Amino acid sequence: MNKVIEIEHLYKAFGDRKVLIDANLDVYESENMVVLGRSGTGKSVLIKIIAGILPADKGSVKVLGQEVTQLNKKEMNELRLKIGFSFQNSALYDSMTVRENLEFPLVRNVRNMSRGEINKAVHKVLDSVGLLKSIDQMPSELSGGQKKRIGIARTLIMNPTIMLYDEPTAGLDPITCMEINQLINEVKENYKTSSIIITHDLTCAKETGDRVAVLFDGNFKFQGTFDEVFKDPDPRIKNFYDYNFIENQKK
Ligand SMILES: Nc1ncnc2c1ncn2[C@@H]1O[C@H](COP(=O)(O)OP(=O)(O)OP(=O)(O)O)[C@@H](O)[C@H]1O
């Protein structure tokens, strides 16, 4: 299986605050990799480095075979078109309708698309997130879960190879969380994406992650399937969250 993201010995600090220290992580083709970690451990910093939004201090970050730490602005912009970044706050433009929000990345990044092609792409992507009916609504008329869906649709419209989800279920009720988890899995199936999913939500991790990696003290000592990681006797994992709590929820 090909690696689509390869991170080796990554180091990133802000002044005295060392956030990532010798972090190593691989993501394979067609894989959902969940990154877990407490608040402030550097999860968002990690995906911002992958997307070229923040520079790394040291180490290697290869995305689709390209070393992002060495790319110039033009090369990074081209690579970024293959990376869908689903922001925590959905990042929709409040003054635009859903249709306009979805057209925006196409109009900005893809030349020579006809009106008909743009319409077709908007309809296809809205259909795949189950919100065709909301095409003419304003973001203010949507629920939190619907906004997340539209935010995801706006990245999918560019047919990304990699999806980076920042806290996709934050602030949603349990049923909406379940629907978003399902959508993340459908995106993987239908768009053949490889993803990093950042979350605090253990149910999301279990439902969407082919593998999970837990960020502690700047690196990923714990990686594997959800069950492998949470069976680790290390007290940091035991204390991380009450694994038994979610196991008991299933009973
Ligand atoms: N641009 C920046 N300038 C200075 N410090 C930053 C910057 N971005 C992040 N940090 C710091 O890096 C640390 C990690 O931040 P990050 O946002 O990656 O945490 P996180 O694990 O995503 O947390 P949360 O789950 O709360 O979103 C924090 O201490 C934060 O203050």
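This is a predicted model: local features need pLDDT of at least 70, side-chain atom pairs count only at pLDDT 80 or more; totals for chains, interfaces and linings use all residues.
Two strands pair if DSSP finds at least two bridges between them. Helices (H or I, at least four residues) and strands (E, at least two) are DSSP runs, numbered from the N terminus.

Residues are numbered from 1 along each chain as its sequence is written.

**Paired strands**

Let's start with β1 (residues 3–14), which pairs with β2 in the antiparallel sense. The two strands form a hairpin with two residues between them, and Gly 15 in the turn has a positive phi of about 60°. β1 also pairs with β4 (residues 58–63), again antiparallel. Further along, β9 (residues 211–216) and β10 run antiparallel too. Here are the pairs side by side:

| β1 and β2 | eight bridges | Lys 12 and Leu 20 |

**The six-stranded sheet**

Now follow the open sheet of six strands, whose order is β6-β7-β8-β3-β9-β10, with mixed pairing. β6 and β10 (219–224) are at the edges with a single partner strand each, so one side of each has no neighbour in the sheet. On average, neighbouring strands of this sheet are turned by 20° against each other, direction ignored (axes are lines fitted to C-alpha atoms).

**Around the ligand**

Next, look for the ligand. Its surroundings include Phe 14, Arg 17, Gly 40 and Lys 43 (a residue is near if its C-beta atom, placed from the backbone, lies within 6 Å). Both β2 (17–28) and α1 (43–50) supply at least two residues of this shell, and α1 gives the largest share, three residues. By type, the shell divides into three nonpolar, six polar and two charged residues, with Gly counted among the polar ones.

**A covered helix**

Finally, find α5 (residues 144–156). This helix has 13 residues and reaches 18 Å from its first C-alpha to its last, close to the 18 Å expected at 1.5 Å a residue, where the expected span is 1.5 Å times one less than the number of residues. How many of the 13 residues of α5 are buried? The count is 10 (buried means that 20 or more other C-beta atoms lie within 10 Å of a residue's own). Among them are Lys 147, Ile 150 and Leu 156. The buried residues of α5 pack against several elements, including β6 (83–86), α3 (98–109) and α6 (174–191) (contact means C-beta atoms within 7 Å).

Technical notes. A residue is buried if 20 or more other C-beta atoms lie within 10 Å of its own, exposed if 12 or fewer, and partly exposed in between; C-beta atoms are placed from the backbone. Two residues are in contact if their C-beta atoms, placed from the backbone, lie within 7 Å. Axes are lines fitted to C-alpha atoms, for helices over the stretch in contact, and angles run from 0 to 180 degrees between N-to-C directions.
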